[in-house]
Amino acid sequence: MTKLEAAMGALGHWLLQLDGGFEILLLVGLSMSLAHLFALVANQLTPRQIVFQLLLDALVLAVALLLATLVDIVLLALVVDGPLQPWALFESLGAALLPGVFYVLVAAPYVSNLIAVTIWALIHLNVVAVLQVRFALPAAQALALATPGYCLALLLVSALFYQGWQRGYRRLADSLGR
């Protein structure tokens with residue numbers, strides 16, 4: 001066993017011991033939503049509109065991550081022999097989203113893309129580690145099973161962010177044009 005495999009195994013065991021996958025999922029959604037705060041303030045929204053938009057985005061982002069996790073569960077059910085307990089697995093995979101709690105740091109100027117890429121890479125690494133340890137899968141197979149859900153999450157989150165930023169820029173342009 002290489003040092004990398006040992007480190008992935010230790011990470012996987014640690015993540016499996018964490019509870020609160022659903023709570024972490026909601027915190028990640030809120031953190032990603034808070035990364036928009038500066039754009040919402042710059043677009044001169046009222047405090048009520050800002051809070052509503054943050055909560056709505058947080059729920060949509062949490063649902064996007066939940067869908068990605070469900071894709072992972074479905075793919076695992078096709079590969080793993082024996083009964084698969086979706087809720088217990090979801091709790092484990094929810095803990096793998098822990099780096100996303102720091103997504104609010106993406107709002108930091110000048111380094112936001114680097115932080116976002118790092119956080120997404122850590123989330124994917126965590127999911128691979130959990131799958132590898134929980135189901136005794138080879139690293140390559142765990143990576144292959146985790147990647148479709150990861151890609152779905154990236155697409156859904158980027159679509160929401162793009163739509164939110166476009167809407168915000170249109171509002172700002174309309175207010176400046178008046």
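Author: A nonpolar core is a set of buried Ala, Val, Leu, Ile, Met, Phe, Trp, Tyr and Cys residues joined through side-chain atoms within 4.5 Å. Buried means under 20% relative accessible area, exposed over 50% and partly exposed in between (1.4 Å probe, protein chains only). This is a predicted model, in which local features need pLDDT of at least 70 and side-chain atom pairs count only at pLDDT 80 or more, while totals for chains, interfaces and linings use all residues. Residues are numbered from 1 along each chain as its sequence is written, and side-chain values use heavy atoms, with hydrogens and water left out.

Reader: Which residues touch the most other members of the largest nonpolar core?

Author: They are M32, L65, L76, Y103, W120 and L131, out of 41 residues in that core. Helices (H or I, at least four residues) are DSSP runs, numbered from the N terminus. The helix α6 gives the most to this core, with ten residues.

Reader: What is M32 in contact with, leaving aside its neighbours within four places in sequence?

Author: Contact means heavy atoms within 4.5 Å. M32 is in contact with L61, L65, Y103, W120, V157 and F161.

Reader: How many aromatic pairs does a search of the whole structure find?

Author: Rings of Phe, Tyr and Trp (its six-membered ring) pair if their centres lie within 6.5 Å; planes under 30 degrees apart count as stacked, over 60 as edge-to-face and the rest as tilted. The search finds two pairs. Y103 and W120 form an edge-to-face pair, 6.5 Å centre to centre with 80° between the planes. Y103 counts as buried because its relative accessibility is 4%. W120 also forms an edge-to-face pair with Y150, at 6.2 Å and 70°. Together, Y103, W120 and Y150 form one aromatic cluster.

Methods: Helix = DSSP H or I, 4+ residues; strand = E, 2+ residues; numbered from the N terminus.
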